[in-house]
Amino acid sequence: MSLDDINSRIDAAFEAYPKQLRVAARYVRENPEKVALHSLRQVSDLADVHPSSLMRLVRELGFERYNEFRDPFRQWLSTQSNSMRSRVEGLSAKGKRGQLDETVADVFARELSDVQATAAAIRTADLVAAADIMIGARRVFILGLRSLHSAAYFLDYSLKMYSANSVLVEGRGGSLGDEVRDAGPGDAVVVLSHRSYSRDTLRIARFAKDAGAKVISIVDSPLAPTVAFSDVKLVLTASPSALLSSVVSTLSVVQALVAVIILKIGDEIADAMKRNEGFYRDFDTFVED
């Protein structure tokens, strides 16, 4: 059995697992290098579960012994060019040797690889389903906190080019969550969330879902907390070896989602853009060539 097979089994059964098994499964799913390198007890400590819970997961996934379960993780790790530690050490050494060109090239290569993997994983049908919800919604709340605020802002900015129903959830003045206070049936919430997952993001999204709103998750893992109650999930690739939290793949998904929406609403976007152009002329917004 390969690591992909193990991950597929976890994804399929995750919601049916009891709480401690879900904790163990999430850790295994999101930290394959730790499973490859550490013992049953060490991984249990890292995941903050009892060893018996981790061993129960091992058996649920079709393995009798932990070492047998760990083999696919070791095989996966052997194919990886760099672990997190070696990558940090390598970048530090390159910097000391003045190899900045190589370092920059590595960053671009990683981002390109993530975008390519995301493009291969995201289904057009899911983008269309998300677009349909957003087009039909009374209001579309956009929720992306911390490092994902930039991607959330870009989505909100793009939607406002043709519609007034987009609401960026920012929590200005300490009022985080107030924007969705009266969310309900007919509304939609687009959630952008990466590890480590924000408690505020989960809390606000769940509140809106319980109030009857549709939830669209743009996330970096099929086990992201909001996926369990999402109407549509768009799972992207964000390399775990990245030294800084990257939003490049997230922005690519947002771009694709906006493109699908524009194609579906057709002539409406042309009328909106004409109004926008008139506004920009009146306000002398842009420098003329």
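Tyrosine 157 comes out as partly exposed because its relative accessibility is 40%, and tyrosine 153 gets the label partly exposed at 43%. (Buried is under 20% relative accessible area, exposed is over 50%, and partly exposed is in between, with a 1.4 Å probe and protein chains only.) The model is predicted, so local features need pLDDT of at least 70 and side-chain atom pairs count only at pLDDT 80 or more, while totals for chains, interfaces and linings use all residues. Residues are numbered from 1 along each chain as its sequence is written, and side-chain values use heavy atoms, with hydrogens and water left out.

The two tyrosines sit four residues apart in helix 10, so about one helical turn separates them. Helices (H or I, at least four residues) and strands (E, at least two) are DSSP runs, numbered from the N terminus.

## Ring pairs

The count of aromatic pairs comes to four. Rings of Phe, Tyr and Trp (its six-membered ring) pair if their centres lie within 6.5 Å; planes under 30 degrees apart are stacked, over 60 edge-to-face, and the rest tilted. Tyrosine 153 and tyrosine 157 have ring centres 6.2 Å apart and planes at 25 degrees, so this pair is stacked.

For phenylalanine 63 and phenylalanine 69, the centres are 5.5 Å apart and the planes stand at 70 degrees, so that pair is edge-to-face.

Five strands make an open sheet in the order 2-1-3-4-5, with parallel pairing; strands pair if DSSP finds at least two bridges between them. Strand 2 (166–168) and strand 5 (232–235) are at the edges with a single partner strand each, so one side of each has no neighbour in the sheet.

Strand 1 (residues 140–143) pairs with strand 2 over three bridges, in the parallel sense. Here phenylalanine 141 is opposite valine 167 of strand 2. Helix 10 (residues 149–159) lies across strand 1, strand 2 and strand 3 (188–193), at about 155 degrees to strand 2. Axes are lines fitted to C-alpha atoms, for helices over the stretch in contact, and angles run from 0 to 180 degrees between N-to-C directions.

## Helix 8 against helix 12

Helix 8 (residues 100–121) packs on helix 12 (residues 248–265) at an angle of about 40 degrees, and their axes are 9 Å apart. Glu111, Asp114, Val115 and Thr118 of helix 8 meet Val248, Ser249, Ser252 and Val253 of helix 12, where contact means heavy atoms within 4.5 Å.
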